[in-house]
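Open the model in your viewer and keep the sequence panel beside it.

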Amino acid sequence: MFKIALSAGHGKNTPGKRCLKKIDKKETREWVLNSRICELVEKNLSNYENCSVIRLDDKTGKKDISITNRTSTANKENADIYISVHHNAGIKGGSGGGIMAFTYLKVGEKTEKLQELLYKKLIDKTGLKGNRSTPLSKANLGELRQSKMPAVLLECGFMDSTTDTPIILTKEFAEKCALAISEAIVETGKLKQKQSAKKLYIVQAGAFSSKENAEELVKKLKKAGFDAVIK
Ligand SMILES: [Zn+2]
């Protein structure tokens, strides 16, 4: 059994973790964006044999589960990999940003490989390359330091960037991120698709800015082995 510890960062009401009001009037909470991607990853992986997803956050968003709780669950469950999904901040209403992927300061080859694979797939699917000088970085973050298995923390764009924020708020972006993360997990765990499962993926046309974009995702899903339709 290939076990994936999946952590949507924070909780819905964690202070400060939200989009910048000047760009997003609703001040969408970071957990909402993180969790949306994690849910789609879970859905994608339900089509694969011999794998299980351990969600480390509170799926209702009400509680912000502590980092120590999250990592001890992953360690106790003997997860094979740990992926934490976040969205970034620090641009303060300026432009630029992009996706970043972090590992702990000292890691093995397996962890670096997972980091590179996740980042490469995320950029390939979303195009949100941004302008960070070191999008693949190392950092002394609790989730990465305290977890015993290869662990990567993803920052899927900036919540306070005029260029990133309108993109990361779309359902389309979440779908693309989830597909990228799912593919990286499938490759890492050498997972096989369930024969019995009907691998139908419904792409909601209303969530896309154009028909071409929806069709593009259908193409990518089909290439990834899903049966996809636009509704
Ligand atoms: Zn975060």
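Four donors count as tetrahedral if all angles lie between 85 and 135 degrees; four count as square planar and six as octahedral if opposite donors are over 155 degrees apart and all others between 65 and 115; anything else is irregular. Before selecting anything, note that this is a predicted model, where local features need pLDDT of at least 70 and side-chain atom pairs count only at pLDDT 80 or more, while totals for chains, interfaces and linings use all residues. Residues are numbered from 1 along each chain as its sequence is written, and side-chain values use heavy atoms, with hydrogens and water left out.

**Stop 1: the zinc ion.** Select the zinc ion with His10, Glu30 and His86: its protein donors are His10 (NE2), Glu30 (OE), Glu30 (OE) and His86 (ND1), at 2.1 to 2.8 Å. Donors here are N, O and S atoms within 2.8 Å of the metal (3.2 Å for Na, K and Ca); water is not among the atoms, so sites may look incomplete. Angles among the four donor atoms run from 50 to 141 degrees, and the site is irregular. Along the sequence, the donor residues follow the spacing H-x19-E-x55-H. Glutamate 30 in helix α1 and histidine 86 in strand β3 (residues 81–88) are 56 residues apart, a pair linking distant parts of the chain. Helices (H or I, at least four residues) and strands (E, at least two) are DSSP runs, numbered from the N terminus.

**Stop 2: α1 against α6.** Now show residues 30–45 (α1) and 171–189 (α6), whose axes come within 8 Å and cross at roughly 50 degrees. That makes α1 oblique to α6, since angles under 35 degrees count as roughly parallel, over 145 as roughly antiparallel, 65 to 115 as roughly perpendicular and the rest as oblique. Axes are lines fitted to C-alpha atoms, for helices over the stretch in contact, and angles run from 0 to 180 degrees between N-to-C directions.

**Stop 3: α3 against α6.** Side chains to display include Leu118 and Leu122 of α3 and Phe173 and Ala180 of α6.

**Stop 4: α7 against α6.** Finally, select residues 211–223, helix α7; the axes of α6 and α7 come within 12 Å and cross at roughly 15 degrees. That makes α6 roughly parallel to α7. Glu172, Glu175, Lys176 and Leu179 of α6 meet Asn213, Leu217, Lys220 and Leu221 of α7.

Conventions: Contact means heavy atoms within 4.5 Å.
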